[in-house]
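Subject: The model, and what turned up in it

Hi there,

Here is the structure you were after.

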Amino acid sequence: MRDDNQLHAAVVELVALENAEIKYATVQNWYPGDQHGNGGIFNFVTKRGLCAGAHSKISWTQVETGSAITWKYPSVILKGDYSVGEFYSVALTNNYQQADTGTKMTHLGKHTRSTIISKGISAGHGQNSYRGLVKVGAKASDSRNHSQCDSLLLGDTCGAHTLPYIEVSHPMAQVEHEATTTKISDDQLFYCQQRGIDTEAAVAMLVSGFCKEVFHKLPMEFAVEAQALMEISLEGAIG
Amino acid sequence: MTMAKRFCELQAHAPPNISGWPWLRAFRQQAQRAFAAQELPTLRQENWKYTNIRSLSETAFSDAPPPGAAELAQAENVQQTQALSLPGYRLTFIAGHFQPQLSQLETLSGAARLLPLKQAFEQEQALVENYLGSAMEYPGQPFAALNSARLEDGVLLYLPANCQLSQPIHCLFYTPSGPHSHVSYPRLLLMLEPGAQAQLIEEYLGDPVPPENAAAQFTCPLSEIILAHDAHLLHGKVLREGPQGHHIAGIHVSQAEQSHLHSISITLGGGICRNDLQVKLHARGAQVRLDGLYMLAGRQHLDNHLRIDHLQAGCRSEVLYKGIIDDRARGVFNGLAVVHPQAQQSDARQINKNLLLSENAEIDTKPELQIDADDVKCSHGATVGQLDKDALFYLGSRGMDQPTARALLTTAFALETLNPLSQGPLREQLAALTGTTLTRQAGGKPPATTSHS
Amino acid sequence: MLSIRNLGVRIDNKLILQGINLEVAAGEVHAIMGPNGSGKSTLAQTLAGHPDYQVSQGQVLYQGQDLLSLNVEQRAAAGIFLAFQYPVEIPGVSNIQFLKSALNCQRKQRGEPELDALDFITDVKQKMRQMQIDEALLYRGTNEGFSGGEKKSNEILQLLVLQPQLAILDETDSGLDIDALKRVAAGVNAFRSPERALILVTHYQRLLQYLVPDRVHVLQNGRIIRSGGAELALELEQQGYTTDTPSEDAPTQKREVPDDNG
Ligand SMILES: Nc1ncnc2c1ncn2[C@@H]1O[C@H](COP(=O)(O)OP(=O)(O)OP(=O)(O)O)[C@@H](O)[C@H]1O
Ligand SMILES: [Mg+2]
């Protein structure tokens, strides 16, 4: 049975009215399949949010370490003036896992703000993609977005892909997108090792440092859980 | 019926037939088949998501006839008053037809060659046959196939090992406006053998003030650039078509070990325009720097599509594209860096920055990274915004009025793309062109909201 | 404690160290001086076990065992500590988290139990006060955005917390203000004991006034070309490394130029 794939296809819809604030946090560790990529969950999830009222806020935080394949793009439509959308994500893929995740921030109202922080970690034969859209409509004056999408590669058989779409049709919008893809710094690793931290622990520590901005957004008990999950999921990734 | 078929049907003429060279006929026929096998791009295709060429594919463009006396005179005038004025070699074309009397060519010494492609078909058949089509692929590139099916003339540059041209080569393509819709397919074939060096500028010009009811014109150029070991090329492209001048161009580059390409692409005018710049870094130490500046106004549409393939270890690519978009114009930027599995120690950086100057302007930017090796340093950044408020305040505090301060900062924003160019007539004239365009943009209206870097 | 015999080291196939011999006994302080690029950091990094430095010849014995057969973290657990000339920044990993993890990993390797969290933090804070390091630095990313001097002080804090046997300080005195230098020296003196040894890589006599070396070695072109007592450092500071310079030509005002830009 564990060689089969199971499908998980949930739908989540959030609506925030005036001055309302929703924080939605997910830590996902479904069965990822075995180390050869047999079995595992297909995690295809629809998540969307509407900031309908002025000064409303929707914040998505996710830590994705499980599932054979994850497709998930929590989105926010920023309709109310001064509304805020956030997306904080950590996605880790090891062995033959694939994660394709990101967000859509659609700025319609005035003075709307969105922040995107996405951290992808690929190990083994894992594939990680960030796919996102930031759209600023013609009436969304004084709207802002900041996106930071970083990918970390552990090993030479994995892959990282960053596909951000940015569509702006208002001159008073300010949109900034930054992305980096690197491996773990040799200097950082050596520094940790010189202080006596073994390679596996050093990598786990550096990876968690890499994800810190996102873990900070999780409720405390979740953050501890997420951290532990990351370490388990990374097991065997460093050789 | 595919759009490709329709496109062919609308073109009254069959592909021109140059008799006597079966290989060329075969080359064209193969390209024609590759073109016919593809749909013309629509917005549903990822690579054409933001660029609608429907109006183009429904216009009956016919092959441009050789210029008459009036066009020749107009071309001469444009060349003297509008075009870049660079020392060195010049090849001038009117609607795709080479004009010896407006050109400045001399026979290069030794094995080096610089001549119109049509002439090269006769005189340098071995070279052409050997290299034509070698730096490009048809799949996913319908306009490269179209150009290959229809090509008739253009430029051939061949530099043997260690041949270093000190003077730039200026290729001027003038598209006259008129009541009929014409199309031309210039083809450039540039081969630099090991250690060779050159500078080549492609300039596309339309009439600055076209007559009323001027018909749409279409230019569909393709450049193939082949750089051998340690070859260095500075490639410039200046696009200043008129509002009815549509332009879909391909620049396909193949780079060997330690070769360097510096490309600077400046777009200041045109209708629906697209540049597909594709660079393949085939061997260790190959380096490419792609700089671009676009200043769009009116209803202009410009789509810059860049793709850099890091195929082997130790290559480096750097991209800086900047845009200032006004009126109802729309800019599209898509930069893709692909690091293939064996390409360790790749260094790929990409930056795209934009200023929107009007309520109706739009920018769609999509910087992409596709990484399949781990020992890499890759980054990209994209911004859309206004001028830095702190900088504006600082200049104000030094007594500068707002329009001046804005103009200063906007100019600085634009000129950053020219910084890597060495001092000389090219840089000076590009800077001057940029300046004039900015003044024109600022002139029409109160200097709007603007940008940041 | 440490015995280096005919050590040769390459980087990228370039021979940097060519036959180093050095004996360091427990309780001793050795200073290594020498012109820029002579190979001092190379020696330090090699002892710590940096993988980029390839040992081409020779042997290193540490407490009787073959040091070169150990990997970097095993060496650390065995008591070797390198204060880096250029400590690396690790954003996202707080200083306190880093220290705790280092200490516990070392203890685990040595088969000792983990330290109680409260004891640990009390100990760290006490040592920070001693080094006059702002407590806020504990919660910032390791070395992230630290000033040059703060980085150096932080290296000594780690030395005090980790309690190694053999400390190698690579230009820890460069970039420190006068008071910070005194604190660093005091910190290192607190670390000293008859069981522990110290190797100081430095360009300046000043640190050696506080930490008087038993031996001073001059490294040049990858070889130790001179060794002597503490007085050698003073002589070098007056005369420079160019041995053929007659001593009366050596500008004495050089003493007044503490260009500590490390
Ligand atoms: N990674 C490397 N690749 C190539 N050469 C290197 C590398 N690291 C060091 N070197 C060279 O090895 C030599 C010794 O360097 P080292 O850092 O050991 O000098 P140093 O004595 O510590 O100098 P300083 O007093 O300036 O700190 C120098 O010439 C240096 O350029
Ligand atoms: Mg050094």
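This is a predicted model: local features need pLDDT of at least 70, side-chain atom pairs count only at pLDDT 80 or more; totals for chains, interfaces and linings use all residues.

Residues are numbered from 1 along each chain as its sequence is written, chains are lettered from A and ligands numbered from 1 in the order in which they are written, and side-chain values use heavy atoms, with hydrogens and water left out.

Helices (H or I, at least four residues) and strands (E, at least two) are DSSP runs numbered from the N terminus. C:Ser41 is partly exposed, with a relative accessible area of 22%, whereas C:Gln85 is buried at 14%. Buried means under 20%, exposed over 50% and partly exposed in between (1.4 Å probe, protein chains only).

**Chain A with chain B**

Contact means heavy atoms within 4.5 Å. Of the two pairs of chains that touch, A and B have the most contacts, with 31 residues coming from chain A and 37 from chain B. About 2700 Å² is buried between them, 48% of it on carbon and sulfur atoms; buried area is the accessible area (1.4 Å probe) that two parts lose on being put together, summed over both. On the chain A side, A:Tyr165, A:Ile166 and A:Pro171 lose the most area to chain B, together 20% of what that side buries.

There is one salt bridge between these chains, where a salt bridge is a side-chain nitrogen of Lys or Arg within 4 Å of a carboxyl oxygen of Asp or Glu. A:Lys183 and B:Asp375 form it, their closest N and O atoms being 3.7 Å apart. Strands E13 (144–154), E14 (159–168) and E15 (174–183) of chain A each give two or more residues to the side that touches chain B.

**Chain A with chain C**

Here 18 residues of chain A meet 33 residues of chain C. The buried area is about 2000 Å², and carbon and sulfur atoms give 64% of it. In chain A, A:Phe190, A:Tyr191 and A:Arg195 lose the most area to chain C, together 38% of what that side buries.

This interface has one salt bridge too: the side chains of A:Arg195 and C:Glu155 meet at 2.6 Å, N to O. Helix H1 (186–194) and helix H2 (199–215) of chain A each supply at least two residues to the side that touches chain C.

**Chains B and C**

Where does that leave B and C? Their nearest C-alpha atoms are 16 Å apart, and the two chains do not touch.

Happy to go through any of it with you.

Best wishes
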